[in-house]
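Me: I'd like to learn how to read a protein model feature by feature. Can we go through one together, with the general idea ahead of each case?

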Amino acid sequence: MTHKGRIVSAVALTTLALGLTACNDGEDSSPAQESPSASAPASSDPSSESPAAEPSDDAAAPAGGDVAAPGAKFKIGDRAILPFKYGTDKKGTVAVTVTAIEKGTEADMAPFGAKAKGMTPYYIRMKVENVGGTDLSYSSLRLRGKLEGGGPTGVILIGDLPGKCDSETAPREFTTKGASYETCSLSATKTDPIAAASFEEGDAYSDSPVLWTN
């Protein structure tokens with residue numbers, strides 16, 4: 001079964017998730033929200049249903065430099081070493097290099113339906129390396145887009161746009177030091193342009209994320 005994207009709207013401090021799938025042939029009866037946030041189409045890859053990646057304070061010690069402190073700032077192309085935890089049994093240290101933040105077009109958001117009208121997607125492309133040498137196979141890591149100055153976009157996206165921004169999981173061989181893969185995180189905005197990529201998973205980075213900017 002093919003799934004459409006769903007829209008997530010933030011009202012005050014509450015986030016509402018409104019599911020839209022191909023099983024619903026009628027129009028969405030939910031009223032439009034003033035600050036819509038979109039989520040990407042569900043992937044057919046079973047590994048996409050795994051728990052979200054989350055850093056851990058007791059992750060393996062880095063072997064290629066110091067771990068980036070919460071709030072650290074980097075330029076596009078810079079390599080940042082980060083603690084990493086995925087699910088309940090995979091943890092270690094990774095190095096993330098944001099290689100580009102590319103602006104898409106509103107037309108790219110067509111898979112999300114009418115509620116994504118006015119949204120501009122951005123594609124955060126990155127390389128992820130296994131620095132700690134622990135078994136991180138089939139894990140996945142996501143970065144979020146930020147406006148200039150580090151402000152939130154107001155849009156939450158889950159998933160990817162196949163062919164434009166593919167969110168890849170780590171390969172089976174992602175178990176040794178130096179192993180790497182490339183992936184893309186999808187973000188979007190209805191207001192100002194996205195100017196930064198943000199790593200903000202886990203307690204240490206949720207309030208003081210690591211940022212990459214031009």
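Reply: Buried means under 20% relative accessible area, exposed over 50%, and partly exposed in between, using a 1.4 Å probe and protein chains only. Of the 214 residues of the protein chain here, 43% count as buried. Keep in mind that this is a predicted model: local features need pLDDT of at least 70, side-chain atom pairs count only at pLDDT 80 or more, and totals for chains, interfaces and linings use all residues. Residues are numbered from 1 along each chain as its sequence is written, and side-chain values use heavy atoms, leaving out hydrogens and water.

Me: How many helices and strands are there in the protein chain?
Reply: Helices (H or I, at least four residues) and strands (E, at least two) are DSSP runs, numbered from the N terminus. This chain has 1 helix and 11 strands. Along the sequence the pattern reads β-β-β-β-β-β-β-β-β-β-α-β.

Me: How do I read a sheet, and which strands form the open one that includes E5?
Reply: Two strands pair if DSSP finds at least two bridges between them. Here 4 strands make an open sheet in the order E5-E6-E7-E9, with antiparallel pairing. Strand E5 (79-86) and strand E9 (180-189) are its edge strands, each pairing on one side only.

Me: What is a nonpolar core, and which residues touch the most other members of the largest one?
Reply: In soluble globular proteins, nonpolar side chains tend to be buried together. A nonpolar core is a set of buried Ala, Val, Leu, Ile, Met, Phe, Trp, Tyr and Cys residues joined through side-chain atoms within 4.5 Å. The largest has 29 residues, and Leu82, Leu141, Leu143, Val210 and Trp212 touch the most other members. E5, E6, E7, strand E10 (194-199) and strand E11 (210-213) each supply at least two residues of this core. Apart from it lies another core of 12 residues, including Met109, Phe112, Cys165 and Cys184.

Me: Which residues does Val210 touch?
Reply: Contact means heavy atoms within 4.5 Å. Not counting residues up to four places away in sequence, the partners of Val210 include Ala68, Phe74, Leu82, Phe199 and Tyr205. For the whole chain, residues 24 or more positions apart account for 71% of the contacts with a separation of 6 or more.

Me: Last one: how do I read aromatic pairs?
Reply: A pair of aromatic rings is described by the distance of the centres and the angle of the planes. Rings of Phe, Tyr and Trp (its six-membered ring) pair if their centres lie within 6.5 Å; planes under 30 degrees apart count as stacked, over 60 as edge-to-face and the rest as tilted. The count here comes to 3 aromatic pairs. Phe174 and Tyr181 form an edge-to-face pair, 5.1 Å centre to centre with 90° between the planes.

Me: Are Phe174 and Tyr181 buried or exposed?
Reply: Phe174 is buried, at a relative accessible area of 1%. Tyr181 counts as buried as well, at 8% relative accessibility.
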